[in-house]
Amino acid sequence: MGVAEKPLADVRADFPVLDREVNGKRLVYLDSAATSQKPQGVLDAVEDYYRRHNANIHRGVYSLAREATELFENARERVAAFAGWDTTDTIFTKNATEAINLVAYAWGREHVGEGDEVLITHMEHHSNIVPWQLLCEERGARLRYLSVSETGELSLDELDAVLAEGRVRLLAVTHVSNVLGTLNPVAEVVRRARVAGARTLVDGSQAAPQLPLDVREIDPDFYAWTGHKALGPTGIGVLHGRHELLQSMRPFLGGGDMISKVEFDSSTWNELPWKFEAGTSPIAEGVGLGAAVDYLSALGMESVRAHEKELTGYALACLPEVDGIRIFGPPDPERRGGVVSFALDGIHPHDVAELCDREAVCIRAGHHCAMPLMRMLGVPATARASFHVYNSRADVDRLVSALQAARRVFAL
Amino acid sequence: MEALYRDYILEHYKNPRNYGTLDPHDLEFHDHNPLCGDELGVHIRVEDGKVADLRFHGQGCAISQAAASISSEELIGMKLDEVARLPAEWAIEQLGIDISPTRRKCALLALKVLRGATTGDASWPE
C-alpha cells in the first residue's frame with residue numbers, strides 16, 4: 001500500500017475521524033481496546049473494492065469475480081504473513097468470538113468428554129469463557145480457572161499443578177488482558193500445556209493490534225484475533241490453526257463455498273481454509289483488513305509496541321496525580337499492553353466516562369466483558385483508557401485534566 | 001449550569017435515603033444493569049397492602065443510586081398494586097433531569113427492581 005515509515009507522532013492525520021470535535025474540543029479517543037479507529041488507507045481499500053471490483057468470490061469466471069477473489073485471497077496471504085502463520089491454515093471468521101466458537105464446536109465436541117477439563121483464566125474476555133461454558137455443559141466436562149495475582153498476573157506454578165492432574169484437554173488463554181493489560185507469557189504457557197498433553201488456544205484480540213506477532217514462535221494449536229481492533233473493519237476475524245487439526249475437524253457452519261460436492265444425502269468438504277468459511281465471505285472487510293496490516297507493517301510493529309509502551313508508562317506515571325485513583329494491572333509497562341483500567345474513589349466509572357465525554361475524552365466504563373475478573377478485583381466496574389498509534393502524551397494529559405474536572409463536579 | 005449532576009442528585013448519591021437492608025422483609029428483588037455494572041436490590045415490608053417500609057441497597061452510578069434514594073421517599077406508604085403499575089416516566093420525573101438514551105437504564109433500575117419485587121416481572125420498564 002506504500003505507507004512510508006515515519007515517526008508515530010505524525011500518524012494522527014491518517015485517521016479522518018480524529019479530525020472531529022466533540023463539545024467544541026479536539027476529540028481524544030482512548031477506547032482502542034474496544035475498537036480501533038481506521039486509517040484512510042483502510043477506508044480507501046474498502047471503498048475501492050466496492051467501487052471497482054465488487055463480485056462474489058471463488059465462483060464467477062468473469063474478470064470482476066477474478067479480481068475480487070484475488071483481492072480477498074491476497075489479503076489473506078498478507079494477514080497470515082503479518083501473524084506468522086501459513087495462509088492455508090488462516091481462516092477468516094466474523095470476529096474473534098466466532099473463531100473461538102468454531103474451535104469449541106468443531107474441535108471441542110469431538111475431543112472433550114465427560115471428566116475432561118477445559119482450563120481458562122480469571123482474566124478472560126467473555127468470548128473466551130462462554131463458548132467453553134457451553135461446551136463443558138454439553139459434554140459433561142469441567143471448566144476450571146487459573147487465578148490472577150494482585151498485580152494482575154498468572155502463576156506458572158499454579159498452571160503446572162493443574163496440568164499435573166492430567167485431565168486438561170484444552171487450555172485457552174488471552175495473550176494480552178483487555179482489562180489489566182497483562183502481557184501473558186503465552187509461549188511458555190503453551191509449551192507447558194503441550195508437554196502435559198493439552199491442546200491450546202490463544203486469544204490474541206488485544207495482542208495482534210499492538211505487538212510484533214509470530215504465532216509460529218508461540219506455537220499454539222489455535223490463535224484467534226479480530227480485525228476491527230487492529231485498524232481494520234468490523235465483521236472480519238481470524239483463526240490460525242494447526243494444519244492436521246483443521247484437516248481432521250468437522251466443519252463449523254454448513255453452506256455454500258465450504259463444500260467440495262453436495263449429494264442429496266451427504267457432502268464432502270472444500271479444502272482449507274475454505275472448509276471453515278461457509279456462505280459468502282466478508283469480502284470487503286477482508287480486503288480492508290489486508291490494508292490494515294499493510295499500514296501496521298509499514299509503521300513497523302516494533303515501533304507500534306514501543307509507542308504503546310511509552311504511552312502506557314507515561315499514563316502510569318501521570319494518573320496517580322489524580323486524588324483517589326486506584327490503578328489495576330501490572331505496574332511495569334514492560335509487562336503490559338496499551339490499556340490502563342482504574343477506579344476513582346467516590347465516582348462510579350459510568351459517571352467518570354460521562355464526565356470525560358464532556359471534555360471530548362472517550363474512555364470505556366463497565367465490566368469490559370470480564371465480569372468474573374471484576375468480581376476478583378472487588379469492583380462492580382472500572383474505567384479504562386486504551387491507546388493506539390494515533391494517541392500521544394497530550395491525550396493522556398487531557399485524560400488527567402478530565403478526571404480532575406470530574407472530581408470537581410462531584411465536589412471531591 | 002450542570003444539567004445532569006445537579007446538587008440534589010449528588011446529595012442523594014452521597015447520602016442515600018432508606019439505604020440498607022430490612023430484616024425481616026416480605027418482598028425482595030435484586031438486579032443489575034449489564035451495560036455498566038450498576039447493582040441494586042430492594043427489601044419491602046408490607047402492611048395492609050401498602051409499603052410499610054423499604055430499603056434499597058447496592059452500588060452504581062450517581063443516576064441509578066439517586067433514582068433509588070429519591071423515589072424511596074415517595075414509595076413508603078404507597079399501595080403495592082400502585083407500585084406495581086408505576087410507569088417508566090414516573091421514575092424519570094422523580095429524578096427531575098433530562099435523561100439521555102445511554103443513561104435511561106441507570107434511571108430505570110430502581111423501578112425495575114420494584115416491579116420485580118411486587119410482580120415478579122424482571123423485564124426492563126419501557
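Residues are numbered from 1 along each chain as its sequence is written, and chains are lettered from A, with ligands numbered from 1, in the order in which they are written. Because the model is predicted, local features need pLDDT of at least 70 and side-chain atom pairs count only at pLDDT 80 or more, whereas totals for chains, interfaces and linings use all residues.

**The two domains of chain A**

Begin by colouring residues 8-30 together with 301-409 of chain A as domain 1, and residues 45-297 as domain 2; these bounds come from an automatic or database domain assignment. The C-alpha centres of domain 1 and domain 2 of chain A lie 28 Å apart. In the contact between them, 25 residues come from domain 1 and 24 residues from domain 2 of chain A, two residues being in contact if their C-beta atoms, placed from the backbone, lie within 7 Å.

Next select helix 10 (301-318) of chain A, one of the elements that supply at least two residues to the domain 1 side; helix 10 gives the most, with 5 residues. Helices (H or I, at least four residues) and strands (E, at least two) are DSSP runs, numbered from the N terminus.

**The sheet**

Now show the open sheet of 7 strands in chain A, whose order is 4-10-9-8-7-5-6 with mixed pairing; two strands pair if DSSP finds at least two bridges between them. Its edges are strand 4 (90-93) and strand 6 (142-146) of chain A, each pairing on one side only.

Within chain A, strand 8 (residues 199-203) runs parallel to strand 9 (residues 222-226), and 3 bridges join them. To see one of these positions, select A:Leu201, whose bridge partner in strand 9 is A:Phe222.

**The nonpolar core**

Then display the largest nonpolar core, which has 155 residues, with A:Val118, A:Ala224, A:Val287 and B:Ala67 among those having the most contacts inside it. Such a core is a set of buried Ala, Val, Leu, Ile, Met, Phe, Trp, Tyr and Cys residues joined through C-beta atoms within 7 Å, where buried means that 20 or more other C-beta atoms lie within 10 Å of a residue's own. Helix 9 (residues 283-299) of chain A provides the largest share, 10 residues. Domain 1 and domain 2 of chain A both give residues to this core, so it lies between them.

**Chain B against chain A**

Finally, bring up both chains: 12 residues of chain B are in contact with 12 residues of chain A.

Methods:
Buried ≥ 20, exposed ≤ 12 C-beta atoms within 10 Å, placed from the backbone.
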